[in-house]
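Subject: Structure for you to look at

Hello,

Here is the structure I promised you. Please open it and keep it in view while you read my notes below.

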Amino acid sequence: MKLLALETSTEHLSVAACAGTRQAVREVAGGAQASFTLLPAIEAVLGELELAVHDLDAIAFGQGPGAFTGLRTACAVAQGLALGSGVPLLPIDSLSQVAQSVRTQLPTVRRVLVTLDARMAQVYWGALQWQEDHWHAVLEVAVSDPQA
C-alpha cells in the first residue's frame, strides 16, 4: 500500500508516507505556519520515497477535533490533491489516533479516555472502546473545562 498521511490539528504538523515497508516522515512547525510548511513537507516525504501523488492508494488526514485553522489546512490540501489525482481520501478522527497509539504500546487496552488541548483552558475529550478491529466512541466527542 502507498499512503500519504497529514496531521495539522496541533502546533506540530506531521506528514508521513509509506510505500510497502518504506516510510518517510516530516514533523515541522504547524499552527499558523501550517499553510506555509505543509506542501513542502508533502513534497519531501513523497520525494524521499520517489512517489508522485497519482501513485498513492489513499490520502489520510486528521479530521479533528483540533485547531480549526489546522484542520481546514489539512482538509483543503488533501481534497485538492485527491481531486487532482483521483486518489481516495481517508478522514481520520484525532482522538482515535491517540487511542491507537496507546493500544500500540499496550495491546490489551480496550477502553481509553482521550483528551486533547482545545486551548482557552478547555480540552477536547472522548471515551473510546476497541471493538472487533477499530475504535468506537462510547461517549460523543465533547469540549469542556478539564475539571468537568
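Start with β4, α2 and β5, which make a right-handed β-α-β unit. Right-handed means that, with the strands pointing away from you, the path from the first strand over the helix to the second runs clockwise. The names come from DSSP runs, numbered from the N terminus: helices are H or I with at least four residues, strands are E with at least two.

Two notes on the source. This is a predicted model, where local features need pLDDT of at least 70 and side-chain atom pairs count only at pLDDT 80 or more, while totals for chains, interfaces and linings use all residues. Residues are numbered from 1 along each chain as its sequence is written, and side-chain values use heavy atoms, with hydrogens and water left out.

**The sheet**

Five strands form an open sheet with mixed pairing, in the order β3-β2-β1-β4-β5. Two strands pair if DSSP finds at least two bridges between them. The edge strands, β3 and β5 (89–93), each pair on one side only.

Now take the pairs. β2 and β3 run antiparallel, joined by eight bridges. In that pair, Ala 16 stands opposite Val 25 of β3. β1 and β4 run parallel, with four bridges. Leu 4 has Ile 59 of β4 as its bridge partner. β4 and β5 are also parallel, over five bridges. There, Ile 59 is partnered by Leu 89 of β5.

Is β4 enclosed or open? Six of its seven residues are buried, so β4 is largely enclosed by the rest of the structure. Buried means under 20% relative accessible area, exposed over 50%, and partly exposed in between (1.4 Å probe, protein chains only).

**The salt bridges**

How many salt bridges are there? The count is two. A salt bridge is a side-chain nitrogen of Lys or Arg within 4 Å of a carboxyl oxygen of Asp or Glu.

One joins Arg 119 to Glu 11, with the closest N and O atoms 2.4 Å apart. Arg 119 is in strand β6 (residues 111–119) and Glu 11 is in the loop between β1 (2–7) and β2 (12–19), so the pair ties together parts 108 residues apart in sequence. Arg 119 is partly exposed at 46%, and Glu 11 is partly exposed at 48%.

Glu 48 and Arg 26 also form a salt bridge, at 2.9 Å from N to O. Glu 48 lies in helix α1 (residues 34–48) and Arg 26 in strand β3 (residues 22–29), so this pair links parts 22 residues apart in sequence.

Best wishes
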